Amino acid sequence: MQRLLCTFEPFHVSARFRLTMEIAIRDLEAGAARDERLLPLIDDAGQRRRHQLLVEKQLERAFQLHELLARTLVRSDRAA
């Protein structure tokens, strides 16, 4: 029997990988905020539209990474 697509099993990642994802999310959100503040300064309508698309894509990617991060578990470090 197939599982529903909306149910996800968590997957294990290292603490370093999780931190890298958290930093990427923070950077995307900060970049989107910075770019959004620049929008009123752009005179050309076409450039302003493209810049708004950039902001939207940055926020979309940050959201995707948030969703991915929510499905992760940090694996415990194992002694070698």
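1. Let's start with K57, which pairs with E60 in a salt bridge whose closest N and O atoms are 3.5 Å apart; the term here means a side-chain nitrogen of Lys or Arg within 4 Å of a carboxyl oxygen of Asp or Glu. The two residues sit 3 apart in helix α2, so about one helical turn separates K57 from E60. K57 counts as exposed at 52% relative accessibility, and E60 is partly exposed with a relative accessible area of 38%. For these labels, buried is under 20% relative accessible area, exposed is over 50%, and partly exposed lies in between (1.4 Å probe, protein chains only).

2. A word on what you are looking at: this is a predicted model, where local features need pLDDT of at least 70, side-chain atom pairs count only at pLDDT 80 or more, and totals for chains, interfaces and linings use all residues. Residues are numbered from 1 along each chain as its sequence is written, and side-chain values use heavy atoms, leaving out hydrogens and water.

3. The protein chain holds 2 helices and 2 strands, in the order β-α-α-β from the N terminus. These are DSSP runs numbered from the N terminus: helices are H or I with at least four residues, strands E with at least two. Of its 80 residues, 19% count as buried.

4. Back to helix α2, residues 45–70: with 26 residues at 1.5 Å each, the helix should span 38 Å, and its end C-alpha atoms are 37 Å apart, which agrees. The expected span is 1.5 Å times one less than the number of residues.

5. Which residues of α2 are buried? They are H51, V55, Q58, A62, L65 and L69, and they pack against α1 (15–38) and β2 (72–74).

6. The largest nonpolar core has 5 residues: M21, I25, A62, L65 and L69. Such a core is a set of buried Ala, Val, Leu, Ile, Met, Phe, Trp, Tyr and Cys residues joined through side-chain atoms within 4.5 Å. Helices α1 and α2 each supply at least two residues of this core, and α2 gives the most, with 3 residues. In soluble globular proteins, nonpolar side chains tend to be buried together. Leaving aside neighbours within four places in sequence, M21 is in contact (heavy atoms within 4.5 Å) with L65, L68 and L69.

7. T72, in strand β2, is worth a click. T72 is buried, with a relative accessible area of 8%. Its side chain reaches the backbone oxygen of L69 at 2.7 Å, and a polar contact of 2.9 Å joins it to the side chain of R18. A polar contact is a pair of N or O atoms within 3.5 Å; within protein, one must be able to donate a hydrogen and the other to accept it, and residues adjacent in sequence count only if both atoms are side-chain atoms.

8. R18 also meets E22 in a salt bridge between side chains (3.2 Å, N to O). Both belong to helix α1, 4 residues apart, so about one helical turn lies between E22 and R18. R18 is partly exposed at 24% relative accessibility, as is E22 with a relative accessible area of 34%.
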